[in-house]
Amino acid sequence: MSTAALNRPPRRRSYAQDMRGHHLTSSRACAVTVAVLILAGAVLDYALYPQLMTTFAIARVLAAAGVLAGLALLYTRFGRRHVHVITFVWLTFPQLMIAWMIHVSQGEASLFYAGIILTIFAVGTLFPVGYLYTLAFGLLTLLLYWLACVTRPGGIAAPSQLLFHGTIVAFAVVGSTVYTYFNEQGRRLLFSLKDELARKNGELERSNRHLAAIKGQLVQQEKMAALGTLSAGLLHEVNNPVNYCMLALDLALEDPAARSSAHLAECLTDARQGMARVQAIVSDLKTFAYRGDGTAPDGRFRFAAALDTAIRLARHELRATGNVALRRDIDDMACVRGDEAAIVGVLINLLSNAGHALRAGAVPAPEIVIAATPAKGRLHVTVSDNGPGIAPAHLGRLFEPFFTTREVGQGLGLGLAICYSVVRRHGGHLSAESVPGVWTRFCFDLPLADAQPPAQART
């Protein structure tokens with residue numbers, strides 16, 4: 001899995017999206033309940049107004065049909081998109097029915113005002129809507145009740161009853177609105193907590209994936225570290241027989257038989273050059289293996305020699321890239337102060353990264369250029385390649401630990417972070433420049449051996 005996939009945040013639903021589904025479910029369930037209660041209310045008609053039962057039954061059937069029509073609409077795409085509006089509309093059908101029943105029966109003296117109050121509280125408690133929604137519905141209901149009373153042919157017969165019942169309805173509107181407001185705040189808080197939990201779970205999941213991805217690599221690194229420790233102890237043992245062979249070859253070359261035979265002398269010379277190569281490799285490995293203790297580096301070494309060591313140790317990576325042209329523009333005698341093994345490690349990392357980039361980009365004429373220029377007591381070093389470059393989005397994160405653009409299993413993303421720390425310990429700064437598709441350049445500086453040491457490391 002790529003780094004971008006690991007770092008991609010999970011897509012979260014908004015509060016409105018989350019509540020739309022809840023409101024849709026509630027509206028469908030309550031529509032069925034309201035339709036059943038409207039029809040069951042015929043029992044109340046029989047108890048209070050038996051002479052109007054037939055008329056009221058027709059009104060109840062029409063109101064229930066309107067509610068069920070709204071329910072059917074909620075199962076369409078339009079209904080799912082406009083669930084709040086459709087719910088508000090079908091909720092007005094029972095209110096219109098009750099207001100009409102009050103109008104044709106006893107007006108302000110009718111006990112059907114209790115049905116209006118029941119619907120108001122049902123909206124405030126059962127539906128996950130905002131307080132403004134509940135307030136608007138309550139005010140509409142209050143208006144319908146007032147119109148049902150004042151538009152009767154005989155007008156208002158008992159103003160005190162109208163005031164009493166109207167006040168009760170108003171109290172119901174206020175109570176339902178206040179309840180809805182605090183209920184809405186609770187829902188928003190719950191959603192916020194759920195959203196935060198989902199975000200934290202997403203971060204934890206990404207961290208777990210990332211840790212799982214590097215677990216095997218860390219195990220391999222531990223194996224390599226153990227092998228390195230073992231190898232460092234074996235270097236001395238390897239060097240002893242190499243020295244014996246070198247001495248034997250030198251003696252053989254002085255033998256009269258070798259002097260009299262050009263072919264034998266050539267073979268012995270080739271063998272001696274091979275052993276010298278082995279001796280150089282052992283020396284390079286010893287230089288790279290025996291690191292300093294992390295204190296301020298104050299050794300003195302030729303930068304060209306460190307570069308030669310790094311090139312030899314990185315030769316396998318460069319050879320795998322193909323015919324890489326390696327150009328140098330440095331002063332072979334320039335000496336710097338610092339930890340030679342650490343600087344060799346920095347150069348190996350930069351050369352290996354350049355070789356990997358050239359190989360991945362399939363550059364037709366791959367080239368790496370190492371330049372070193374002395375200025376103001378520092379040796380300014382650049383390692384450039386004509387590879388595919390680095391994306392601008394990645395350029396600012398190159399020196400972050402565990403950041404890598406390689407595939408899982410190809411690197412931990414620690415190399416450049418360690419290089420940055422090493423250069424900083426030498427009082428310098430490691431930076432990167434790149435033009436995507438054209439070139440990449442890494443720059444760092446080291447203190448010259450004949451310059452005064454810096455007061456403190458630069459950040």
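A residue counts as buried when its relative accessible area is under 20%, as exposed when that area is over 50%, and as partly exposed in between. The model is a predicted one. Cys149 has 0% relative accessibility and is therefore buried. Cys245, with a relative accessible area of 34%, is partly exposed. A disulfide is a covalent bond between the sulfur atoms of two cysteines. The whole structure, when searched, gives zero disulfides.

**Overall make-up**

The protein has 459 residues, and 37% of them count as buried. Its secondary structure consists of 16 helices and seven strands. Among contacts with a separation of 6 or more, 75% are between residues 24 or more positions apart.

**Nonpolar cores**

The largest nonpolar core holds 42 residues, and the members that touch the most others are Phe303, Leu351, Ile368, Leu379, Phe442 and Phe444.

What does Ile368 contact, leaving aside its neighbours within four places in sequence? Its partners are Leu318, Val324, Ala325, Leu326, Arg327, Leu351, Ala354, Gly355, Leu358, Val383, Ser384 and Asp385.

**Second largest pocket**

The volume of the second largest pocket is about 530 Å³. Its lining is formed by 24 residues, and those nearest the centre of the pocket are Leu37, Ile98, Gly115, Leu118 and Thr119. Two or more lining residues come from each of α2 (15-40), α3 (42-48), α6 (83-104) and α7 (113-126). Which element gives the most to this lining? That element is α7, with seven residues. Sorted by class, the lining of the second largest pocket has 19 nonpolar residues, four polar ones and one charged one.

Technical notes. Residues numbered from 1 in each chain as written. Predicted model: local features only at pLDDT ≥ 70, side-chain atom pairs only at ≥ 80, totals over all residues. Heavy atoms only, no water. Core = buried A, V, L, I, M, F, W, Y, C linked by side-chain atoms within 4.5 Å. Buried < 20%, exposed > 50% of the residue type's maximum accessible area, 1.4 Å probe, protein only. Contact = heavy atoms within 4.5 Å. Disulfide = S-S within 2.5 Å. 1 Å grid on protein atoms, 1.4 Å probe; cavity = no way out; pocket = protein on both sides within 12 Å on 5 of 7 lines; lining within 4 Å. Points joined across faces, edges and corners; volume = space filled by probe spheres on them. Helix = DSSP H or I, 4+ residues; strand = E, 2+ residues; numbered from the N terminus. Nonpolar A, V, L, I, M, F, W, Y, C, P; charged D, E, K, R; others polar.
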